[in-house]
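Welcome, and please open your viewer. We will go from stop to stop, selecting residues as we go.

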Amino acid sequence: MLMNLFKFKGGVKPPTNKTQSTGRPIAAAPLPSHLAVPLHQSIGGTPRPVVAVGDKVLKGQLIGEADGWISAAVHAPTSGTVVAVGPGKQPHPSGLDADCVFIEPDGRDEWIARQPFDLVNATPDAVRHYLQQSGVVGLGGAVFPTHGKLTPAKTVPMQELVINGAECEPFITCDDLLMRERAIDIVRGIGVFRDLLQPQKVLIGIEDNKPEAAAAMRAAVEACGEDFVVVQVPTLYPAGGAKQLIRVLTGKEVPAAKRSTDLGVQCFNVATAYTAWRAIAHGEPVVSRIVTLTGNVRQPGNYEVLIGTPMDELLQLAQPNPDTDGIVMGGPMMGFLVPEPAVPVIKATNCLIAHSERLFPPKAPEMPCIRCGACAQACPHELQPFELYWHARAKDFGKTQQYHIFDCIECGCCSFVCPSRIPLVQYFRFAKSEIWAREKEKKAADEAKTRFEFKQFREEREKAEKAEKLAKAAAAQAAKKAAEAAAAAAAGDAPAVAVAEKPADLTVDPAEAAKKAAIAAAMARAKAQREAAQPKNTDALTPEQARDMAEIEARRVQAGIADAPAEAAAAPTATKTEE
Amino acid sequence: MMFAPAPFLLKDASVSQVMTQVCLALVPGIAAYAWLVGPAILVQLVIASLAAVAAEAAMLKLRGKPLAMFLADGSAIVTAWLIALTFPPLAPWWLVVTGTVFAIVVAKHLYGGLGQNPFNPAMVAFAVCIVSFPALMSQWPSVGLKMPLLEQLDIILGLMPRADALTGATPLDAMKTALKLGDGQIDVAQLLANQDIYGNFAGRGWEWVAAGYLLGGLWLWQRKLITWHAPFAFIAAIVAISGGLWLYRPDAFASPLFHLLSGGTLLGAFFIVTDPVSGCTTPRGKLIFGFSAGLLAYIIRVFGGYPDGVAFAVLLMNLSAPLIDQLTQPRIFGMKGKQP
Ligand code: SF4
Ligand code: SF4
């Protein structure tokens, strides 16, 4: 079927380096010596561990329970013994630790009882719940819990379901191989998504440098009797970015501030559809994924790898050359060097590249920006990276927001083309994390302020109530007295009425005054508190303060996107490219 | 392990590559120039380059910047070449050196060096020199005058008296002066009939130099080092205003073709208004910048007191570039069709 394709602006064409790893079929990686399964593997809440040290677990057994709606369960990747539950190093540029379940495999790789899911009789909610329980998350790299994306917007009809098989990053071929070899399961999985979202059409986008994958998918679509359209899109990085692929296939542009469903379109990665179907048809939760091993290795290829496998052990399968000096997780455009080689494979791990200076020569020193505009021409979101850079460098974060820093998807196109070799994306990550940090600070201050004010308010109210009660009691007393007096005087003098009124007046007045004074005092205090809680003024710094700030910044820069995953929950569409 | 951020793959690009390509793009124009006036221009290019590199090195040293890295970026050479090409080819050596040193020291480094200069350094040099040494800056070799290299060298080095016969004015200047002196008695057609000065269109031989710049500019555009916006708008402005006035009074105003091919029009269009550091960077900004610079250049060149107006026009627009950029921010992905 001929389709009208749209273009996105910008983009770059780095050498694809894909053929190295497509020569051999997907192989199963052998059982590793030990596993460290991080609990927090998807955007959203961190699953709670439901196993303890010493527990025997079976493959596929639940070890971490989803915490809240945006969270997905975590399962034991193989059978064995839980040897520890606690912090472990993460494959994250920050190098920070996070809780893991450490499992010693027993070598039997014994499954739990696997029950296919009864799709026919299940309500949509039950399907979503089941996918959550099966740990199905976006495998394109963003690891957003899939069930959370399977509810159509209430007001906008779903028009297109976009399936992302573009795989635009150089070196990575795991989706390519998956489509070549397991297209039927992918198509079935897409069918499940289609049933839940009820789109008018389903479009599967594959970059035109993967003809085998496209052919396999077409054949599978036909074999399944579906009407999905497989579209070969021009090879242009980052065509596999969800927003770019949506643009190319539908012409729609999803702004940073909106969900794609608000525009009647939703996007999933092919591998996500595959795991969803494995869970439904075979009762297998997500305990493994396909990982490309490539780069400075003698035997590049794709492997089906258990989640939690130590990366260095895994990489041995591809026989890294002796000058390998690090492991890049992800592709060369958006990936990062893992803080240490033994960190575990997680659901977001699509590719490991053995790093060497031969493969990725060190960058030339950074020069000043010459405003050549190459970065702006390359930016797929049509930003002005050099302006962002300028303001990020000057720490004028308000300006960076004015120049739409949060629309930056960190694709790296700008850094790729910059003749001055400015690590632009680094600056943008830094600016984003700074803004997040300040927002957090401000929020904390605001919260403190609200709490304080509420406490004040409550205390004042209690005081006022007490005073009122006293006043009422006094008034009642007085009224009683007055009544008595009135009764006594009923036959005699009239002025008793005046006596009855007076005490009431007297008792109310002091209470009112006290209340007013207390409120005024509370307001003054609140004001003082508010002023103290204002975000720090960063304009007039003492040298000491400046140095402190510089240190904080150095740490932030070191940490790279340290804040990203936690925050990404708030802005799920802002960070990763694929899906 | 060292912290090395993504992307790990980088395009093969560097500032020196960019600058080298700009220099390459100037070569056709230079070739035509040398053919027209003799090797003097090459001598001037060498003098300007040496002065630029020396000034750059001194300033880098003073500012404590890495010498090798910044000298290799080639930006000083581009400035030097533009100065050499805009100054009279037989100007005394010290004039070129003064202009170049001023450009590098004041217009570039005192404003923060590479990428920071708000004004185009070459245009600053031109403006400063034409204000300070108006006579020398207006002496162009008489047309058809071919001198051997040594003689030209002697003039440039001041070893030979600057005989008035050797130097004349540019066609632009000549026409302006003639029209002024003629005071309505002489018209443009008559003047242009004088093939010796005005050549086929705009000055004997100068149209070939202009063609050389055009060629180089198109190449830069094809290499995506410049976009079409600023040159197009600049040329469009000059064609529009000169065309309008020419149609209105063909006897008093030269044709658009004359204006296009004479003076610094095409050099300015492709190599000056496209300077990203001192110019605009947004597409609409480039259009506004180019168009306004074109209008100003024409007005100054035709009605003002200087032989050409490109330099002053560009400097004036350099002043407004940041504001124009700010006001012409493009809509970004996903925000089109909406008010900013
Ligand atoms: S590509 Fe680099 S040098 Fe060119 S404008 Fe962008 S940041 Fe500046
Ligand atoms: S990293 Fe951000 S600014 Fe740079 S090209 Fe990508 S989206 Fe644009």
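One term comes first: buried means under 20% relative accessible area, exposed means over 50%, and partly exposed is in between, with a 1.4 Å probe and protein chains only. What you have open is a predicted model, in which local features need pLDDT of at least 70 and side-chain atom pairs count only at pLDDT 80 or more, while totals for chains, interfaces and linings use all residues. Residues are numbered from 1 along each chain as its sequence is written, chains are lettered from A and ligands numbered from 1 in the order in which they are written, and side-chain values use heavy atoms, without hydrogens and water.

**Stop 1: a helix in chain A**

Select Lys442(A) and Asp446(A). Both sit in helix α11 (residues 424-489) of chain A, 4 residues apart, about one turn of the helix. Helices here are DSSP runs (H or I, at least four residues), strands are runs of E (at least two), and both are numbered from the N terminus. The two side chains form a salt bridge, with the closest N and O atoms 3.6 Å apart; the term stands for a side-chain nitrogen of Lys or Arg within 4 Å of a carboxyl oxygen of Asp or Glu. Lys442(A) counts as partly exposed because its relative accessibility is 41%, and Asp446(A), at 34%, is partly exposed too.

**Stop 2: salt bridges across the sequence**

How many salt bridges does a search of the whole structure find over all chains? There are 27. Now select Arg278(A) and Asp185(A), whose side chains meet in one at 3.5 Å, N to O. Arg278(A) lies in helix α5 (residues 270-282) and Asp185(A) in helix α2 (residues 174-197) of chain A, so this pair ties together parts that are 93 residues apart in sequence. Asp185(A) is buried, with a relative accessible area of 18%.

Next, show Arg194(A) and Glu226(A), a salt bridge with its closest N and O atoms 2.9 Å apart. This pair also links distant parts of the chain, 32 residues apart: Arg194(A) is in helix α2, and Glu226(A) is in the loop between α3 (211-223) and β11 (229-233) of chain A. Glu226(A) is partly exposed at 22% relative accessibility.

**Stop 3: backbone details**

Most residues other than glycine have a negative phi, and most peptide bonds are trans. Centre on Tyr237(A) and Pro238(A), which are joined by a cis peptide bond with omega about -5°. Pro238(A) is in the loop between β11 and α4 (242-250) of chain A.

Then pick Asn17(A), in the segment before β1 (27-28) of chain A, where phi is positive, near 50°. Glu382(A) also has a positive phi, near 55°. Is Glu382(A) buried or exposed? With 10% relative accessibility, Glu382(A) counts as buried. Look for Glu382(A) in the loop between α7 and α8 (385-393) of chain A.

**Stop 4: helix α7**

Select Ala374(A), in helix α7 (residues 374-378) of chain A.

**Stop 5: chain B**

Select residues 228-247 of chain B, one of the spans that an unreviewed UniProt entry lists as "transmembrane region"; such annotations may be inferred rather than shown by experiment, feature names are shortened, and positions follow the numbering used here. The end C-alpha atoms of residues 228-247 lie 27 Å apart, and the span is 95% helix and 0% strand. Finish at Arg223(B), in the loop between α12 (206-222) and α13 (229-248) of chain B. Arg223(B) is partly exposed, at 43% relative accessible area.
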